[in-house]
Amino acid sequence: MDNLVHVNAGSLDDAVAQLAKGGAEVCAGGTDLMSSLKGFISDNLPTTIVNIKQISGLSYIKEDGGMLKIGALTTLDEIANSSVVASKCAALAQAAAVVASPEIRNVGTIGGNICQRPRCIYYRNEYNDFNCARKGGKGGCYALTGLSRYHSIFGLVNGCMAVCPSDTAPVLVAAGAKIVTTKKTWEAADFFKIKGEKINSLDADEIVTEIQVPTGKKSCYKKFAFRKSFDFPLVSCAVVGDKVVLGGVYNSPYEVSGDTVKATSATAYNKYKEQIANTLIKRAKADVK
Amino acid sequence: MALPEMKIVGLDNEAAQKEIRSRNMQSILTGRADYVNDRKMAGMLWATTKHATISHGTVKKVDASKALALPGVKAVFTYDDITAGTGAAAMFPQKTVLYWGAPVAVIVADDWYTAERAINLVNVEYDVLPAVVKTTDVVGDDGVAVENAPLSGRLADTNYANSMPAERGDVAAGLKASAYTKTYNLPWTTTHQHAPIEQYTAFAYWIEDDVYVYLSTQNIHGHRTIIRNRLQIPLNKIHCFNHYCGGGHGQRLNNEEAAMVAAISRKLGGVPVMWRCSKKHSMLLAGRQHDDKGIFTMGCDKDGKIVALDCEYWTTNYGATITPIISATFTIPNLKWVGHGTYLNQPDRCAWRCVNDPPTAVHLTMAMDDMAEHYNMNPYEFRKKNIMGEHDLDQDTGNPFCTKEVNECMETVVEKSGYLSKWHKPGTKTLSNGRLHGIGLHAHHDSHGRVNGNDRGAVVLMTPDGTILTENGGSKPHNAPTEMNIIVAEVLGAKVTDVNCGDYGNTDVTLNGGMHGGSSFTGSCGAAFYSAAMDLKKKLFTYAITREPFAAEGAKVEDLDSKDSVIFMTKKPDVKATFANIMATAQPMAGVGVGWHAQQNATATVNAGLQREKDGFPVGHKAEWGSAAASVTEVEVDPETGEVFITGHWNSVGCGRVIYKDGVLQQMGSGSELQYAQALYYGDIHDPATGAIIGTQYTESQLPTTLDIDPTTNYLYPVEGDDHSGPLGAHGIGEPCVGSYASILAAIYNAIGKWVDPDHGACNPDRVLKALGKA
Ligand SMILES: Cc1cc2nc3c(=O)[nH]c(=O)nc-3n(C[C@H](O)[C@H](O)[C@H](O)COP(=O)(O)OP(=O)(O)OC[C@H]3O[C@@H](n4cnc5c(N)ncnc54)[C@H](O)[C@@H]3O)c2cc1C
Ligand code: SF4
């Protein structure tokens with residue numbers, strides 16, 4: 001980990017001002033940020049971390065006018081165990097409950113979950129041994145020429161075939177959720193279009209404050225990973241109402257029309273994802289509640 | 001040495017066993033166990049590793065100027081600084097890079113993170129050479145060597161060596177005479193780093209010309225010798241310590257880091273230096289299980305008895321020797337083995353938990369299950385026709401086995417699991433939940449439990465209050481000291497609770513009796529402690545006959561015996577004195593012993609061979625060591641996702657005489673649960689382009705957690721036998737359960753009707769789907 005400047009932001013405005021200075025990043029639960037820093041995974045890591053945990057009023061779950069409203073600092077565990085979330089958008093509670101391990105869910109926040117870095121095995125390699133396209137490095141995409149077992153089966157975005165690793169992201173897109181930030185309110189589908197290293201389109205000085213999820217639709221979330229105890233989704237499927245969105249198969253949550261998908265860029269390593277995706281679609285649809 | 005009439009204290013005394021175990025556990029669970037990483041000293045410096053980012057080449061130039069400019073960085077050491085001129089090939093940092101991740105420099109700084117930060121500031125220039133990064137670069141799937149493959153640089157002129165071919169009988173004639181023969185092209189098995197728990201660490205400082213080294217190893221005495229050889233100083237100037245060791249698994253043995261950190265500390269004026277591996281470096285630098293491939297031709301007579309087996313074998317280990325699973329489990333009159341060590345530009349492989357068993361077990365199981373099908377038998381029936389019995393002699397040497405429990409182990413798991421009523425033809429049973437049901441069987445004789453203890457030594461001390469201390473060369477966990485304590489208690493006639501561990505993991509006060517290799521410890525070091533306890537007992541009784549009440553009786557040493565820490569006259573049991581009474585006036589007493597060796601090619605000097613008569617063979621007759629294991633696994637396979645769910649896993653192990661029941665169950669439990677990992681989860685992940693291991697984080701390498709393995713599906717059956725060369729009839733059980741990798745794969749085969757190709761990794765769902773033709 002680099003010698004870091006650590007700032008406790010007094011307010012959202014203060015946090016935004018700190019970010020605007022450059023080289024800074026928000027720290028919520030720190031579960032993703034700290035491991036990135038400790039692993040020296042990129043040349044673009046922040047030198048200032050802006051702690052927002054002590055800013056009040058950013059951790060809540062409430063229902064308001066047919067909308068489930070969740071503060072960005074709400075932990076994944078709180079969402080997984082919320083009876084309000086379970087009754088208003090079961091898929092979101094199901095997704096939060098299968099993120100990582102109990103320890104990480106206790107600390108990790110929903111805001112952090114939708115703003116994390118990709119989990120590509122090359123991207124995450126410690127000491128930045130693979131300075132790839134996603135990091136702005138010269139190495140191109142190592143997965144493309146190497147091991148694509150965990151990667152996109154629907155092509156590349158900006159020369160990168162990493163997938164969106166967030167369990168909550170497909171649910172938010174399927175539910176037509178809105179992501180409120182210090183700058184604007186995003187449609188979830190737009191929010192998760194990648195711009196830089198992270199898995200979304202946020203500006204460097206933009207902070208997520210609230211997630212708004214329309215309620216009243218039946219839903220279900222299914223996740224597939226090699227290891228059940230804690231793992232990122234290799235493929236996941238969210239069904240909310242009549243919308244079906246896959247996770248783990250593309251740079252962003254991937255919307256499905258019809259009952260099945262056909263991979264457009266599968267490799268010998270990741271062809272299996274198509275079979276899994278179609279199985280999950282079938283099973284999630286059968287289990288909506 | 002004939003063994004005395006035995007009544008094993010440990011077996012009788014569950015409460016004492018639990019107490020011993022909880023003594024061990026408490027220190028670990030409360031964080032009081034002291035690992036090398038916990039060492040702190042005023043003025044200490046921290047060291048980390050700069051690793052190579054090429055797979056093959058030579059280091060041309062190391063430019064450390066930017067790193068040295070970072071505040072807190074004290075020094076950067078390369079091969080030229082540490083090794084050049086010492087006569088050693090490489091004392092850690094390498095000049096010739098043979099794999100991605102090899103150490104090329106060591107950075108020393110005021111603190112760990114500063115050293116780590118400096119890694120990417122050290123600039124290394126290489127002369128890059130062509131690399132062989134995949135097994136298919138050197139040998140095709142058909143077993144044919146690749147022509148004009150680049151050289152890995154590990155050997156001067158070849159990428160693979162024929163190592164230790166073996167043959168008995170006449171294989172060509174045997175195959176010709178067989179009623180049915182078939183050739184099996186068997187897939188590459190799993191490779192992975194198998195001891196990722198405690199990161200590699202070494203800590204050294206000098207006082208005058210004495211060096212003190214703490215290291216995370218199983219083998220401090222071996223390391224002391226390496227340090228002596230590298231630094232050219234006498235052994236009595238080298239003091240090596242290791243108290244706790246987080247998982248050894250046969251690969252924390254003879255590495256260079258201790259010598260390196262001692263050399264660096266000396267260069268820095270003797271200041272304490274802590275060299276520590278990051279997670280990634282630990283993953284790259286630690287030895288890993290080799291992956292193996294075989295092409296077997298098996299021939300059987302008309303009844304399904306094996307007549308001949310011709311094995312050609314490739315392994316990424318560098319010693320492709322035949323294993324007892326092939327040579328000593330089944331009756332195979334004609335057997336040929338040609339093993340090829342395959343040399344790649346990949347991190348070093350080492351023995352998988354001491355043996356080659358898991359890969360070979362899988363391969364033999366694949367061939368045998370297929371043979372069984374040809375003969376319309378189930379896999380048990382086929383094995384039953386061929387398995388060796390308790391009294392069979394070694395097929396190569398004609399020697400008796402110290403113990404041979406493989407048939408009993410197989411019968412045990414077959415009965416306990418209900419195998420015969422559950423087995424069905426492969427790929428024919430779908431359950432009501434849509435999953436496919438399967439059950440698999442495996443049994444093998446293996447090389448664990450060996451008693452190669454003639455280089456082992458033990459010291460047992462009697463304290464003035466009549467309690468006893470064992471001085472143990474190994475590190476503390478692993479239960480090994482407790483087994484030693486029970487052996488000592490039994491031989492001395494002491495209460496188990498009167499025997500405690502003295503110092504351990506300390507070369508200054510222990511003999512080389514302590515390498516705590518689980519597989520051989522009870523046999524080899526146990527033999528040393530047995531001898532030491534005998535020595536002490538003789539001294540104690542010799543002194544006792546000069547004291548009352550024995551002096552008044554004119555007792556001789558042979559008139560005495562002891563039990564529960566009380567010495568008594570065998571013919572007059574009321575004439576007795578406690579150890580404490582006798583020791584109250586005695587000078588301190590120590591017993592010293594060395595181990596004995598069972599196997600025929602031993603250079604043993606002490607009590608080689610059988611310790612008791614077996615099947616008409618006399619004491620001292622040469623004997624073959626061994627242990628045995630069998631397992632049955634029951635699975636459900638989801639045909640739509642390829643997921644495998646283990647619903648039952650029955651393991652039995654031939655344990656010799658059980659002297660520490662808890663320890664046996666722990667060893668079996670961890671060994672068999674580990675096989676869930678090996679078979680279904682965990683494997684090295686390589687970049688196919690560079691050969692770099694990229695699964696260096698636990699998230700990616702898929703090491704399962706306790707939540708992935710349901711221990712209630714894991715049933716353990718120690719099969720007690722009598723090892724005729726082991727102390728008190730016991731032998732180490734080590735990890736024979738690791739063979740159950742094979743029964744898991746066999747169960748998947750039975751479920752889906754196809755063998756899954758592990759493809760150097762585990763049978764992850766994508767590989768199961770591939771076997772099913774769905775990916
Ligand atoms: C071992 C492990 C396993 C995991 N498994 C899964 C899994 O199975 N499924 C899954 O979905 N995720 C998984 N994760 C990721 C996990 O969900 C995230 O680490 C966690 O949700 C991040 O939350 P945090 O509060 O700790 O974020 P932090 O680590 O604090 O931040 C993560 C990133 O988000 C940014 N950020 C945080 N909050 C905001 C905000 N309000 N506005 C703007 N930017 C913000 C930070 O700047 C940082 O870049 C795993 C992580 C680990 C370490
Ligand atoms: S997939 Fe993306 S993150 Fe991974 S190596 Fe390619 S460019 Fe980098």
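Hi everyone, let's start with a pair of strands: in chain B, E22 and E23 (residues 566-569) run antiparallel and are joined by four bridges. Strands here are DSSP runs of at least two residues, numbered from the N terminus, and two of them pair if DSSP finds at least two bridges between them. This is a predicted model, where local features need pLDDT of at least 70, side-chain atom pairs count only at pLDDT 80 or more, and totals for chains, interfaces and linings use all residues. Residues are numbered from 1 along each chain as its sequence is written, chains are lettered from A and ligands numbered from 1 in the order in which they are written, and side-chain values use heavy atoms, leaving out hydrogens and water.

Back to our strands. E22(B) and E23(B) make a hairpin with two residues between them, and B:Asp564 in the turn has a positive phi of about 50°. B:Asp561 stands opposite B:Phe568 in E23(B). Strand E22 of chain B, residues 560-563, has B:Leu560 and B:Ser562 on its covered face, with B:Asp561 and B:Lys563 on the uncovered one. In a regular strand, side chains alternate between the two faces of the sheet.

Now, cysteines. How many disulfides are there over all chains? The count is zero, taking a disulfide as two cysteine sulfur atoms within 2.5 Å.

Definitions and conventions. Buried means under 20% relative accessible area, exposed over 50%, partly exposed in between (1.4 Å probe, protein chains only).
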